[in-house]
Amino acid sequence: MDQMSLPEPILKLDNVSYQYSNKYQSVDAVKEVNTDFHEGKMYAIIGKSGSGKSTLLSLMAGLTLPTEGQVIYRGTPTDEVNLDAYRRQNVTVVYQSFNLFPLMTCLENVCFPLELLGKSPKEAAVVAREQIAHVNLPESVYKRFPSMISGGEKQRVAIARALASGAKVILADEPTGNLDVANGEKIVDLLWHLAHDDNYLVIVVTHDLGITRVADEVMQMSDGYLKPLLLDELPAIDALELNEQA
Ligand SMILES: Nc1ncnc2c1ncn2[C@@H]1O[C@H](COP(=O)(O)OP(=O)(O)OP(=O)(O)O)[C@@H](O)[C@H]1O
Ligand SMILES: [Mg+2]
């Protein structure tokens, strides 16, 4: 597609690098990454274990600031915003292990970000119910605790909670990693529809070839560098490259 015709990216990485350092060693985990991410699209980021995928996601999530360069959300760099507010309202993260609060019911889990944003419990419950319906879960999950539902359902609750924050950027780190193939496919389908029907920006870090097949753009992280993969290069990706753990 003609780059000139694209609208402003919702998220832009401008020469982003990140170094972990302590008194013993330093690791250059992300190196000089320049990329634009647009609403209404689903991106897949693949790469070997240790290549920097989760670190890149945490920079976009505002969990930490780049050592060099800038993560720019709707024109404003994350080093110029209140990161707590950014994390509450603008971006949301979905994890492989769901990270639901075990002592809250599913409905309470989804209400949680809404209450953080100042909604009354009653207002929060209204929106939470809508979001639970949005991820195709029945009302019967409202009062159940996460331990009482399946993995696929847990990931749906986690996505409903992510949507409840109102953020338009969904960052997902191996969202299908703990699911069987059928449930994984349903989660991928849900994320795809959130991008294409509801205009979210969805960025998925994954080893799952099924995701790379449906993503609008696939990028590969390699030793801290991020490069776009052309769709016709995809069949050539060695399955080992996706599955290798070390
Ligand atoms: N807290 C940390 N302190 C020091 N180095 C770290 C830390 N977290 C990650 N690293 C290093 O940074 C590099 C990138 O790690 P990262 O977790 O981003 O990789 P990844 O691509 O997400 O891997 P995986 O597929 O295994 O999840 C690795 O070399 C890793 O060892
Ligand atoms: Mg990781």
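Helix H5 (residues 151-164) and helix H6 (residues 181-198) pack at about 20°, and their axes are 9 Å apart. Helices here are DSSP runs of H or I with at least four residues, strands are runs of E with at least two, and both are numbered from the N terminus. The axes are lines fitted to C-alpha atoms, for helices over the stretch in contact, and the angles run from 0 to 180 degrees between N-to-C directions. That angle makes H5 roughly parallel to H6, a label for angles under 35 degrees, while over 145 counts as roughly antiparallel, 65 to 115 as roughly perpendicular and the rest as oblique. On H5, the contact uses Gly151, Gly152, Gln155 and Ile159; on H6, it uses Asn183, Lys186, Ile187 and Leu190. Contact means that the C-beta atoms, placed from the backbone, lie within 7 Å. Sort these residues by class and you get three nonpolar, four polar and one charged. In that sorting, Ala, Val, Leu, Ile, Met, Phe, Trp, Tyr, Cys and Pro are nonpolar, Asp, Glu, Lys and Arg are charged, and the others, Gly among them, are polar.

A word on what you're looking at: this is a predicted model, where local features need pLDDT of at least 70, side-chain atom pairs count only at pLDDT 80 or more, and totals for chains, interfaces and linings use all residues. Residues are numbered from 1 along each chain as its sequence is written, with chains lettered from A and ligands numbered from 1 in the order in which they are written.

H5 also meets helix H4 (residues 121-134): their axes come within 9 Å and cross at roughly 130°. That makes H4 oblique to H5. From H4 come Val127, Ala128, Gln131, Ile132 and His134, and they meet Ala160, Leu163 and Ala164 in H5. This contact has six nonpolar, two polar and no charged residues.

Now for the strands. Six of them form an open sheet with mixed pairing, in the order S6-S7-S8-S3-S9-S10; two strands pair if DSSP finds at least two bridges between them. S6 (91-95) and S10 (225-229) stand at the edges with a single partner strand each, so one side of each has no neighbour in the sheet. S6 pairs with S7 (residues 169-173) in the parallel sense over five bridges, and Tyr95 stands opposite Asp173 in S7.

Notes
Two residues are in contact if their C-beta atoms, placed from the backbone, lie within 7 Å.
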